[in-house]
Amino acid sequence: MQLGAGAWPIAALRSGDRHGRLDPRSADPYGSHAVAALLADRGVTTRVVTTLDEATAAAGPDTTLLVAVPDLLTDDQQSRLHAAATASGGRTVLVAPDVPSLGRLAPGVTADPAPSFDTTLGPGCDLPAARRAGAAETGDGIRYSTTARDADSCYPSDGLPTLLRIPQSTKGGDTVVLGSPGILYNDRLDQQGNASLALQLLGSRAHLVWYLPSLSDASAPDTGRRSFFDLLPSGWLWGTLQLFVAAALAALWRARRLGPLVPEKLPVAIRASETVEGRARLYRKANARDRAATALRSTTRTRLAPLVGIPVTQAHAPEALLPALSAHLHGDGQSLHDLLFGPPPGDDAALVSLADRLDALEREVRRP
């Protein structure tokens, strides 16, 4: 208990980096830096690898190979890893392996479909490491059964072990199957006999290789060039195509038949002032001063043209409207051009001023 109590502060002081779950470089609650720190104090070196080639090359009689997430490995990777670990004569620790990996990494071991719900379990076996550690948090995970007669079945839950040690028939190595990663977490290392059990399982050799399988490992099958549709079974593709065809036929069947527009009377009369105010609010919300100024000038030119004897069709032609207005008002043609055909106002105040000037111009023209 005292051994594990000092592990969490050691992990927090020695590592400021953030890594993933079960990463010996991580000081997060679900990292495993505390275990690595305690092993380092006892002369055990820890090396993190992320590829199968690195893991198999590092295996040896004086090495413990820990596989953090065995189920991430492909079938070929599992077979290669098992062959290398068996030939090395070292120890292999599999953390919470399930059906996808047990058949190749630990032949003869099967996972029980019902998980263990007992967190703290007693040793229940003659394995020296388990007896010295006492009760540990190996439950709350996977339970196993094995056909190996010389296997050490420890920490049973409802009759099935949550930790197995299977000796190798040659070269003196062994494989440890751990049903729960709880004893390796930083925040649970000081609970029960977790620290003692973890140090004995991982510190029996001088070197510890911590294998964190990666989906980007080059030894995994190359699926990067395959499209999403290549990964789907052909039956799903045909079924999806049939659904699309059925949806298209239903849309054509239920679609409205398009015909000529039918005028329809409004249920209520809307005052022109309300329409003007609504459009003005939309212009203001969109800061569309240019469009508002264009509408004001266009409407003013349309009303002024008949008053000065110009056809409405030529109301928006400066060369036709401006001379007639100048002759009618005896004013400056340039100022009339800027007022009726000038650039858009730069702000709201200029737009209001433009509207006032257009109203004044129209009143002046209408004045007898």
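Residues are numbered from 1 along each chain as its sequence is written, and side-chain values use heavy atoms, with hydrogens and water left out.

I begin with confidence. The average pLDDT (the predictor's confidence in each residue, from 0 to 100) is 86 for the chain, and 88% of the residues score at least 70. Over residues 1-17, pLDDT stays under 50, and the model has 37 contacts (heavy atoms within 4.5 Å) beyond four places in sequence for that stretch. Where pLDDT is low, the predicted coordinates should not be read in detail.

Next, the helix pair. Helices (H or I, at least four residues) and strands (E, at least two) are DSSP runs, numbered from the N terminus. Helix 11, residues 289-307, packs with helix 14, residues 348-366, at an angle of about 5°, and their axes are 11 Å apart. Helix 11 is therefore roughly parallel to helix 14, a term for angles under 35 degrees. Axes here are lines fitted to C-alpha atoms, for helices over the stretch in contact, and angles run from 0 to 180 degrees between N-to-C directions. Among the residues that meet are Ala292, Leu296 and Arg303 in helix 11, and Leu351, Leu358 and Glu362 in helix 14. By class, this contact has eleven nonpolar, one polar and six charged residues. Ala, Val, Leu, Ile, Met, Phe, Trp, Tyr, Cys and Pro count as nonpolar, Asp, Glu, Lys and Arg as charged, and the others, Gly among them, as polar.

On a 1 Å grid over the protein atoms alone, a cavity is a set of points where a 1.4 Å probe fits but cannot get out, a pocket is an open set with protein on both sides within 12 Å along at least five of seven lines, and lining residues have an atom within 4 Å of a point. Grid points are joined across faces, edges and corners, and a volume is the space filled by probe spheres set on the points.

The largest pocket holds about 610 Å³. It has 21 lining residues, of which Ala280, Tyr283, Ala292, Leu296 and Leu351 are the closest to its centre. Which helix gives the most to this lining? Helix 11 does, with seven residues.

The whole structure has two cavities of 30 Å³ or more. The largest cavity, of about 60 Å³, takes four lining residues from helix 5, the largest share. Its lining has four nonpolar, five polar and no charged residues. The second largest cavity has a volume of about 30 Å³, and its lining has eight nonpolar, no polar and no charged residues.

Technical notes. Predicted model: local features only at pLDDT ≥ 70, side-chain atom pairs only at ≥ 80, totals over all residues. Parallel < 35°, antiparallel > 145°, perpendicular 65-115°, else oblique.
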